[in-house]
Amino acid sequence: MAEIHLRKKLRTQRRSLSSAMQLSFADQIASILTSQDFFLRAKRIGIYLANDGEVNPSIILDICKNSSKQCFLPAVHPLKINRLHFAQYKDNSVLTTNRFGIFEPCLKQAKISPPWSLDLILMPLVGFDRSGNRLGMGGGFYDRTLAFMAKNNKPSPQLVGLAYSFQEIAQISPQKWDIPVSRIITEKEIIGGSLR
């Protein structure tokens with residue numbers, strides 16, 4: 001129950017940022033991320049379209065396109081419960097809204113790639129701690145989609161969470177199915193790097 005209240009509080013705080021603050025923080029986060037070697041080396045990047053006050057990665061998306069990196073957006077899997085596809089995103093991609101009101105590529109027209117084929121996946125966070133544990137929206141979509149990473153039987157993308165510094169929590173107690181991120185980037189710093 002405490003986790004539900006914490007998630008609600010952080011989401012409210014995230015949404016309460018002014019547009020100017022959101023833009024400023026997104027710019028700082030993009031500046032930190034795009035100067036990192038792991039980003040510069042990545043060719044295939046999972047990214048997202050901001051919703052519910054999440055860090056807006058549109059600057060990062062533009063940098064990716066200008067650097068000839070391929071971008072893939074999460075799309076809710078039509079058959080598997082609480083799982084995601086990663087669909088290639090281009091300027092001319094047809095977007096539809098899913099059942100949560102979030103824009104995603106139309107799966108009938110998009111090229112789908114398995115998550116293990118991506119070099120880097122950028123994830124929005126509700127909360128995080130310094131050990132790479134994360135608090136998401138509560139549906140377990142990323143955890144189920146990335147469960148293969150716990151088995152280490154396929155190539156693994158780097159998982160990087162994007163968040164505002166105020167979303168940091170002293171400690172999150174992970175569940176056995178939780179997939180941590182290797183780095184978190186806020187407007188102030190990059191956290192982690194040797195976690196995975």
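Buried means under 20% relative accessible area, exposed means over 50%, and partly exposed lies in between, with a 1.4 Å probe and protein chains only.

A word on the model. It is predicted, so local features need pLDDT of at least 70 and side-chain atom pairs count only at pLDDT 80 or more, while totals for chains, interfaces and linings use all residues. Residues are numbered from 1 along each chain as its sequence is written, and side-chain values use heavy atoms, leaving out hydrogens and water.

Helices here are DSSP runs of H or I, at least four residues; strands are runs of E, at least two; both are numbered from the N terminus.

Start with helix α1, residues 2-15. Which of its residues are buried? R7, L10 and R14. What do the buried residues pack against? They pack against α2, β8 (127-128) and β9 (134-135). Contact means heavy atoms within 4.5 Å.

Now the sheet. It is open, with eight strands in the order β6-β3-β2-β1-β7-β10-β11-β12 and mixed pairing. Two strands pair if DSSP finds at least two bridges between them. The edge strands, β6 (112-113) and β12 (190-192), each pair on one side only.

Look at β7, residues 120-124, and β10, residues 158-162. They run parallel, joined by five bridges. M123 stands opposite G161 in β10.
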